Every structure is written in structure tokens, then in C-alpha cells.
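Hello,

Please find the structure we discussed below. My notes come after it.

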Amino acid sequence: MSTIFLVAAAFGGAVLLLQLLLGLVGLGGGHDMSVAHDLGAHDGIVDDGLQLLTVRGVAAALTFFGIGGMAMLAAGTGNVIASLVGVAAGTAVAFAVAVVMRQLGRLESDGVIRMEAAIGLPAVVHVGLPDGGAGKVILTLQDRLLELKAVSLDGDIPTGTNVTVVGLTDDDTLEVVRTPEPGA
């Protein structure tokens, strides 16, 4: 039985080490293969749950099955107890890996600026907005300070004027109006 535990720990550990090394040199691909992926599951169907059957999860489970089993054999327990502890350790680690990977996946951001999120935000005219023409405004959108193309719905608006974004004319141009002065 100790040979089974040793082979499981060595194989699982080797797969984890290989994944780490490939990730360090940029060949890891950034995505973990899973049975759900292989079966053609689409985003939102399987990705909402924990993905236990990933290469990383199975390799970690094998590694800890082997380590847990060997530790129990070294402690003097029988094969049955060592196997049960190994299975429990492997299962616990597979769940832990799935939870950690799910939480890490939630941290991902595509980095795309969503212009419609600018509607209602304050901005400052950076390049004057002529009546019927375009200029530029500066605003903070999605935690980024941006200079964006804008057109005025209030006639000429000079540089330095506070404005509010009220709409979009196209994918990259904001519509703005003067922001009323407090107390006015």
C-alpha cells in the first residue's frame, strides 16, 4: 500500500510542479482544463459551481492522498485507516483548490472601459467644447483618470468648466452639459 501512496504523491506533485514551471515561463495558458470544459460546457452553466475535476485539483488531491496515506502508515495505522485518511486529505485539498481558484477567478478584469458607465459622472473640460464641435473632457471612470472626446449640448463650453456626462453620441464620444453651480 505504501507504494500506491508514494506513486500518487510523486505523480500528483510532479504535475503540480510542471504546471508551476510552465506558468512561470508563460506556457501555462492561464486556464485550467476541466472535465466541464472538455464536455463543451459554456460560461454560466458549469462555471457557477466549484470545478473539482481540474488538472490542478486532481493533481493536488493525488498528492495529498499519497502524503496523508504515507503519514498514517508511518504512524503505525493499518492500510484501511491510512487509505481513509488519504482519501479525506485528498478530497479536502481538491475542495480547497476549487474554492481558491474560484475566488481568484473573481478577481479577473477584462480592463475594457465601458463608456455607458460615464453617464451621470462629473468631468472637467480639458479642450474647449465649441458649439457643434468636439473637444475633450477629463473624468474618472472605472478607477481610471481618462481624457475622452466630448460634445456639448449647452453651446460653447470653455476649458476648465465643470460638466456632467448626460449621454453618448457614439462608442467613444460623450455628450455633456454644464454642471450647475451650487446655490445657483
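This is a predicted model: local features need pLDDT of at least 70, side-chain atom pairs count only at pLDDT 80 or more; totals for chains, interfaces and linings use all residues.

Residues are numbered from 1 along each chain as its sequence is written, and side-chain values use heavy atoms, with hydrogens and water left out.

Helices α1 (residues 2-24) and α3 (residues 55-74) pack at about 145°, their axes 7 Å apart. Helices here are DSSP runs (H or I, at least four residues), and strands are runs of E of at least two. Axes are lines fitted to C-alpha atoms over the stretch in contact, with angles from 0 to 180 degrees between N-to-C directions. Among the residues that meet are F5, F11 and L16 in α1 and F65, I67 and M70 in α3; contact means heavy atoms within 4.5 Å. The contact residues divide into 16 nonpolar, seven polar and one charged.

The count of salt bridges (Lys or Arg side-chain nitrogen within 4 Å of an Asp or Glu carboxyl oxygen) is one. K136 and E147 form it, at 3.7 Å, N to O. K136 is in strand β2 (residues 134-141) and E147 in strand β3 (residues 144-152), eleven residues apart.

Regards

Methods
Ala, Val, Leu, Ile, Met, Phe, Trp, Tyr, Cys and Pro count as nonpolar, Asp, Glu, Lys and Arg as charged, and the others, Gly among them, as polar.
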